[in-house]
Amino acid sequence: MFAGLRVATRRRGFATASTVNGFTEAVGNTPLIYLKGLSEQIGSKIYGKAEFQNPGGSVKDRAALGVVRNAEEKGLIKPGGTVVEGTAGNTGIGLAHVCRAKGYNCVIYMPNTQSQEKIDLLRMLGADVRPVAAVAYDNPLNYNHQARDYALTLDNAIWTDQFDNTANAYAHYISTGPEIWEQTQGDLDGFICATGTGGTLAGVGKYLKEKSAGKTQIWLADPPGSVLTSYVQSGGKLTERSGSSITEGIGQGRITQNLGIFVKELSGAFTVPDEKSIAMVYELLHMEGLYIGASSALNVVAAVELAQKLGKGSKVATILCDGAYRYQSRLFSKAWLKSKGLEDAIPSHLKKYAVLD
């Protein structure tokens with residue numbers, strides 16, 4: 001399944017006394033947080049993998065490092081080369097960090113619908129950022145295709161192809177999955193997360209399912225506007241994508257190569273409405289002291305719902321993808337919440353956290 005992707009791994013222990021060599025070796029080995037308040041409310045154990053503690057601030061640091069290392073192992077890029085990617089944000093940020101650490105140039109094509117915080121950060125990291133119109137994947141002007149085509153015009157350059165390069169999923173198979181298994185001591189009933197490229201879900205899911213001999217159920221959580229829930233529930237029929245979500249970087253209109261290596265082994269899938277996701281952003285800040293983005297909040301909503309499906313005492317893990325600081329101008333803005341019709345989704349006692357006008 002992962003033939004040709006056996007890149008060298010550098011695993012480090014969890015002891016804080018150990019040191020690591022630079023940015024790239026600081027990626028991974030993030031804490032698995034027991035969400036005490038939510039867990040006690042439902043009578044199950046909910047765990048969130050604190051991927052916002054990666055040095056670049058998100059789960060995508062793992063994929064970024066994985067695809068670049070894979071290209072290096074294959075001799076596809078030499079020192080001083082250029083890394084090109086089409087990304088909705090966090091993979092680009094991870095790649096920009098990795099490129100700075102390794103001495104590569106970085107060019108990012110992204111939909112012009114992404115938050116200004118992400119665009120600004122990419123530019124601060126030295127990336128050449130090229131926002132383009134958000135169009136469907138089958139349109140030749142889709143940001144992924146523009147990234148691919150630009151890379152072909154350059155010498156000593158790679159298009160990392162995060163959606164269909166299975167080095168993405170492999171990075172999670174050799175790191176995120178084993179970490180969760182070790183941190184839960186192999187006692188885990190379910191894992192669930194949303195997916196954009198499919199790398200996290202496929203890599204983690206494949207590892208956990210193998211190690212548990214199928215005991216750990218692997219589920220997909222979906223935002224509104226994505227077709228993946230209907231694909232899984234219908235047994236493999238793709239429908240036309242419609243609608244949208246406040247979440248960024250998750251949801252899909254197709255089955256990527258990364259997701260494709262595992263999609264038939266999923267235990268199930270369901271959609272989480274934006275109203276539940278935004279409420280959970282505020283709930284986690286209030287109850288757990290965690291300042292996370294909407295996609296992370298969607299994952300936690302999904303973990304709670306999966307635990308309820310699996311029954312009292314079940315243990316479910318998910319991914320806390322990144323922090324809310326990359327989206328704070330939206331998520332904590334009263335005007336933005338009103339414009340999206342979400343102001344009433346936030347419980348009245350939590351509206352005090354919406355401090356931006």
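Predicted model: local features only at pLDDT ≥ 70, side-chain atom pairs only at ≥ 80, totals over all residues.
Helices (H or I, at least four residues) and strands (E, at least two) are DSSP runs, numbered from the N terminus, and two strands pair if DSSP finds at least two bridges between them. This open sheet has the order E5-E4-E3-E6, and its pairing is parallel. Strands E5 (128-132) and E6 (157-159) are at the edges with a single partner strand each, so one side of each has no neighbour in the sheet. From one strand to the next, the twist averages 15°; axes are lines fitted to C-alpha atoms, for helices over the stretch in contact, and angles run from 0 to 180 degrees between N-to-C directions.

Within this sheet, E3 (residues 82-86) and E4 (residues 105-111) run parallel and are joined by five bridges, with Thr82 opposite Asn105 in E4. Helix H4 (residues 90-102) packs on the sheet and touches E3 and E4 (contact means heavy atoms within 4.5 Å), its direction making about 175° with that of E4. Helix H6 (residues 143-152) also packs on the sheet, where it touches E3, E4, E5 and E6, and its direction makes about 160° with that of E3.

Now turn to the sheet of six strands. It is open, with mixed pairing and the order E1-E2-E10-E7-E8-E9. Here E1 (32-34) and E9 (268-271) are the edge strands; each has a single partner strand, so one side of each is left without a neighbour in the sheet. The twist averages 25° from one strand to the next. E7 (residues 190-194) pairs with E8 (residues 217-222) in the parallel sense over five bridges, and Gly190 has Gln217 in E8 as its bridge partner. Helix H13 lies across E2 (45-50), E7, E8, E9 and E10 (315-320), running at about 170° to E10.

On a 1 Å grid over the protein atoms alone, a cavity is a set of points where a 1.4 Å probe fits but cannot get out, and a pocket is an open set with protein on both sides within 12 Å along at least five of seven lines; lining residues have an atom within 4 Å of a point. Grid points are joined across faces, edges and corners, and a volume is the space filled by probe spheres set on the points. The second largest pocket has a volume of about 190 Å³. Its lining has 11 residues, with Asn70, Ala71, Leu76, Trp159 and Asn165 nearest the centre. H3 (60-73) and E6 are the elements that give two or more residues to this lining.

The whole structure holds two cavities of 30 Å³ or more. The second largest cavity has a volume of about 70 Å³, and its lining includes Ile246, Glu248, Tyr327 and Trp336. H13 (294-310) and helix H14 (328-331) each give two or more residues to that lining.

Terms used. Residues numbered from 1 in each chain as written. Heavy atoms only, no water.
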